[in-house]
Amino acid sequence: MPVHTFTQPRGELVNLSIDAPALRDNLLGDPHVRTALVYLPEGYRRGHQRYPIFVDLASFSGSGLKRVAWAAFSESVPQRLDRLVAAGKMGPVIAVFPDCFTSLGGNQYVDSPVTGRWDSFLREALLPRVEAEFRVRPGRAGRAVYGKSSGGYGALVQGMRHADVWGAIACNSGDMGFDLVYRPDLPRALDVLARSGGTVAGFLDRIAGSAKLGGADFQALTMLAMAASYDPQPNEPLGIRLPVDPHTCELDEAAWQRWLAHDPLRMIDEQDCQTQLRSLFGLYLEVGSRDQYMLHYGARALVRKLRAARVEHVYEEFPDDHNNTDYRLDVSLPYLYTALERATPGTPIPEHLSPRTGF
């Protein structure tokens, strides 16, 4: 049985309310004023030190509000950070936990008229507000972003598209290899929609009136959220349409190509994405070797392309599946810290903290 953590966080949790123009007028009608919880390390109020920012992107169905919460036989992220700092594994950071939950159950952290411009939110609203409020290290050498699953996907895409903003990223079991991850769930999603008249609106109305969300309904909701993120259709009801024929489930090739344009396995073929990743101070990827969503195959294919493009990175597979893998933060968080420290001139790095990179 894992040991439960009874130690309370040693730092201070601050609640920010962020009015984000990038999220206004989304077709879901979700609020554009969002909460971000900021964890200030122990001793922050007593000194003048500037700290790196670590932005935590929650997985699908999650939120930054949950990342700081108590957990049985585990740790909140603030508790984990405290322990890693006390053990000398990394130095103190300002950790940021934005609430990016949507009415479709989650977020891929891309710009969409349906869910909102979440990619822009991170760079145009969240970071400027945090940097205006707290003592942070300036520039991208003071910023890291990480996450798991959808959050890992979001972090990886930030590195592929916005390395001018971020210094280091970590992707744990991020969505990639869409042909393996999403296509098998499309016929199942159609079967669920059929029980609600075959329409997106009918399905959403039905689950809105349900006492709880069952597994099949959640799976279908996930597919609708992916469609809203990767291929928004503003002229459709709620802007959502699956990339298949609703009667035969035959793939709409043009629509599927629009999904694949967001697949890291496709994106990495772009010269600009390779250039962006090469400019990072640290690129960390990991996945469980038994991931039930087959993400280990996508990760292996991506790593092969990274090596061919000579993009420095660290890649690890660990013997586990997709669930309950926050213990892996013991590896990725110190890696990110050390990558940023190496980017800060004049900062000595202990040998045991030096990140391992390679092709």
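Mentor: Start with the second largest cavity, whose volume is about 50 Å³. Keep in mind that this is a predicted model.

Trainee: Why is this space of about 50 Å³ called a cavity?

Mentor: A 1.4 Å probe fits there but cannot get out, and therefore the term is cavity. Its volume of about 50 Å³ can be set against the cut-off of the count, which takes cavities of 30 Å³ or more and comes to three.

Trainee: Which residues line the second largest cavity?

Mentor: Among them are Cys171, Ser173, Gly174 and Met176, along with Leu285, Glu286 and Val287. Leu295, Ala299, Leu302 and Tyr315 also belong to that lining. Two elements, β9 and α12 (295-308), each supply at least two of the lining residues. By class, the lining has eight nonpolar residues, two polar and one charged.

Trainee: What is known of the largest cavity?

Mentor: The largest cavity has a volume of about 110 Å³. Its lining holds 14 residues, and nearest the centre lie Tyr146, Gly147, Lys148, Asn172 and Leu329. At least two lining residues come from each of β7, β8 (168-172), β9 (282-288) and α13 (329-343). Five residues of this lining are nonpolar, four are polar and five are charged.

Trainee: What is the volume of the largest pocket, and which residues lie closest to its centre?

Mentor: The largest pocket has a volume of about 1100 Å³. It is lined by 37 residues, with Ser59, Phe60, Ser61, Lys148 and Asn323 closest to the centre. The elements giving two or more residues to this lining are β3 (53-57), α1 (64-67) and α8 (215-230). With five residues, α8 gives the most. The lining comprises 15 nonpolar, 14 polar and eight charged residues.

Trainee: Why are α4 and α11 called roughly perpendicular?

Mentor: Helix α4 (residues 150-161) and helix α11 (residues 271-278) pack at about 100°, with their axes 6 Å apart. Angles of 65 to 115 degrees count as roughly perpendicular, and therefore the two helices are described that way.

Trainee: Which residues make the contact of α4 with α11?

Mentor: From α4 come Gly159, Met160 and Arg161, and from α11 come Asp272, Cys273, Gln276 and Leu277. Of these residues, three are nonpolar, two polar and two charged.

Trainee: What makes the pair of tyrosine 44 and phenylalanine 134 edge-to-face?

Mentor: Two values describe a pair of aromatic rings, the distance of the centres and the angle of the planes. For tyrosine 44 and phenylalanine 134, the centres are 6.4 Å apart and the planes stand at 70°. The cut-offs are centres within 6.5 Å for a pair and planes over 60 degrees for edge-to-face, so this pair is edge-to-face. The structure holds 15 aromatic pairs.

Trainee: Where do the two residues of this pair sit in the chain?

Mentor: Tyrosine 44 is in the loop between β2 (33-40) and β3, while phenylalanine 134 is in the loop between α3 (118-133) and β7 (143-148). They are 90 residues apart, and the pair links distant parts of the chain.

Note on methods: Residues numbered from 1 in each chain as written. Predicted model: local features only at pLDDT ≥ 70, side-chain atom pairs only at ≥ 80, totals over all residues. Heavy atoms only, no water. Axes fitted to C-alpha atoms, helices over the stretch in contact; angles between N-to-C directions. Helix = DSSP H or I, 4+ residues; strand = E, 2+ residues; numbered from the N terminus. Parallel < 35°, antiparallel > 145°, perpendicular 65-115°, else oblique. Contact = heavy atoms within 4.5 Å. Nonpolar A, V, L, I, M, F, W, Y, C, P; charged D, E, K, R; others polar. 1 Å grid on protein atoms, 1.4 Å probe; cavity = no way out; pocket = protein on both sides within 12 Å on 5 of 7 lines; lining within 4 Å. Points joined across faces, edges and corners; volume = space filled by probe spheres on them. Phe/Tyr/Trp six-rings, centres within 6.5 Å; stacked < 30°, edge-to-face > 60°.
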